[in-house]
Amino acid sequence: MAYKIGVIGTGYVGLVSGTCFAATGNIVTCVDIDEEKINKLRQGICPIFEPGLDRLLVHNVEEERLFFSTDLAKTVDQSQIIFLCLPTPPNEDGSADLHHVLNVAEQIAKIIREKNIQDKKIIVNKSTVPVGTAEKVRNILLQYIPETLFEVVSNPEFLREGLAVEDAMKPERVVVGTRSKWAEEIMTELYKPFVRTGNPIIIMDEKSAEVTKYAANAFLATKISFMNDLSAYCEKVGADIDKIRYGLGTDSRIGKMFLFAGIGYGGSCFPKDVRALIYSAEEHKQPLRIVKATMEVNEAQIKRFFDKIKNRFGNLQNLRFAIWGLAFKPNTDDVREAPAFKLIDMLLADGAHINAHDPEALENTRRHYGDKINYFTKMYETLNNCDALIIVTEWNQFRTPDFETIASKLKNKIIFDGRNLYAIDQMRDLGFEYYSIGRKEVRQE
Ligand code: NAD
């Protein structure tokens, strides 16, 4: 059956989830406090770059299944299921800032009370939150309305930016944290069209669902940090991290994914979720030592990459560097906690100048750096007058570039590759000086 759904928070998660729920026949209203965003969406303009989303969005708006609004009260009134897809940014101390989630929960409770709404609703938390948040939301609701009028469900989201529509339409698993049979049945019915190939809807208690999300992100981040830690060791002993990755990843117990050494993880999730999990563990006097090491290795890795540049040039004052890739990963325009920004900050602090290019994230970068750096829409133009090229994000178009053009435009034939995109032998043969991660340096004597 088609449900009436309200999605509160129309960002990467809310907009994708809302659109996909509409795509399976539900009537969905996405709410946001950002009026400009809602106005754009009403005109069919997608405010984020996410492959496949714009077309699906416009189609569902045209079919009158997907609506956008700033009116929380009206949306709460008409929705049977209300998804909270709100930001949970890090506080200074690393803990998750829950004020968006808890404030909206309180607003919803007040609306239900003031409008005297009697239909029982499911309040679903899709934001990534520390253990115990579902209980906090429930307690806030109970201050205003009786428990007969709602259930709180924890339904963490696992979509990946860049593949978000695909992930939302065909999730490998759906985790639903609830102890209510009524809510379980509705959530199962809602997600049925998304798991037709047999992927599981895993029902558990709310706390376990909350921890599952943090555990998944922390584990993936740990795989990355493990390889990055090993990459430093490889550089010392003369081994090649990419060969080791093949050797490791072909073991099915280990798996091939998330084994690429690089300049560390970034983005809107891993850094904050790892920190929030560490915080929660310490708060409960049960430190998670491996997760802590994961964070420490990640912070050291970008510095290690910067040191390669610093060691090569000594003084960076007035040198100019071309940076390819600003988004925290390919196929997104998201620059939150992007490793590129950390590197740019270090380069600027040392007096260097920056020419920056990214296929999708230039606007978001400009919003952050203003006129402190130069922006280029064309990848090769970025290289003019630069002392070296630095590759930060592995967009596909950087994988097989025209090396002759690179060589002709750069002042020096030097590449710092934070993603190991090129073969060592090829770089040597082409006459480049080449520095990558966990592999031998190529110097032209
Ligand atoms: P986002 O910043 O892209 O979007 C959040 C939206 O909520 C914004 O549009 C903001 O204007 C809106 N908002 C803030 N306060 C509001 C309010 N009071 N009422 C209505 N709207 C409000 O965030 P996101 O990336 O979509 O992440 C949302 C949550 O999902 C976070 O907890 C995040 O950790 C989690 N998550 C994110 C991803 C991802 O890939 N981005 C994946 C899985 C889980």
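Visitor: Helix α12 runs at about what angle to β13?
Guide: In this predicted model, side-chain values use heavy atoms, without hydrogens or water, local features need pLDDT of at least 70, and side-chain atom pairs need 80 or more, while totals use all residues. Residues are numbered from 1 along each chain. Helix α12, residues 289–313, lies across β9, β12, β13 (414–417) and β14 (contact: heavy atoms within 4.5 Å; helices are DSSP runs of H or I, at least four residues, and strands of E, at least two). Its direction and that of β13 (axes fitted to C-alpha atoms, N-to-C, 0 to 180 degrees) make an angle of about 160 degrees.

Visitor: Which strands does helix α14 touch?
Guide: Helix α14 covers residues 362–369 and packs on the sheet. Its direction makes about 175 degrees with that of one of the strands it touches. Those strands are β10 (353–357) and β11.

Visitor: What are the edge strands of the sheet?
Guide: The open sheet has six strands with parallel pairing, in the order β11-β10-β9-β12-β13-β14 (a pair needs at least two DSSP bridges). On average, neighbouring strands are turned by 20 degrees against each other, direction ignored. An edge strand here pairs on one side only, and this applies to β11 (374–376) and β14 (433–435).

Visitor: How far is the polar side-chain atom of D32 from an oxygen atom of the ligand?
Guide: The ligand is surrounded by 25 residues (a heavy atom within 4 Å), and D32, K37, T88, E161 and K272 are the closest. The side chain of T88 places a polar atom 2.6 Å from a ligand oxygen, and an N or O atom in the side chain of K272 is 2.6 Å from one. For D32, the distance is 2.6 Å.

Technical notes
A polar contact is a pair of N or O atoms within 3.5 Å; within protein, one must be able to donate a hydrogen and the other to accept it, and residues adjacent in sequence count only if both atoms are side-chain atoms.
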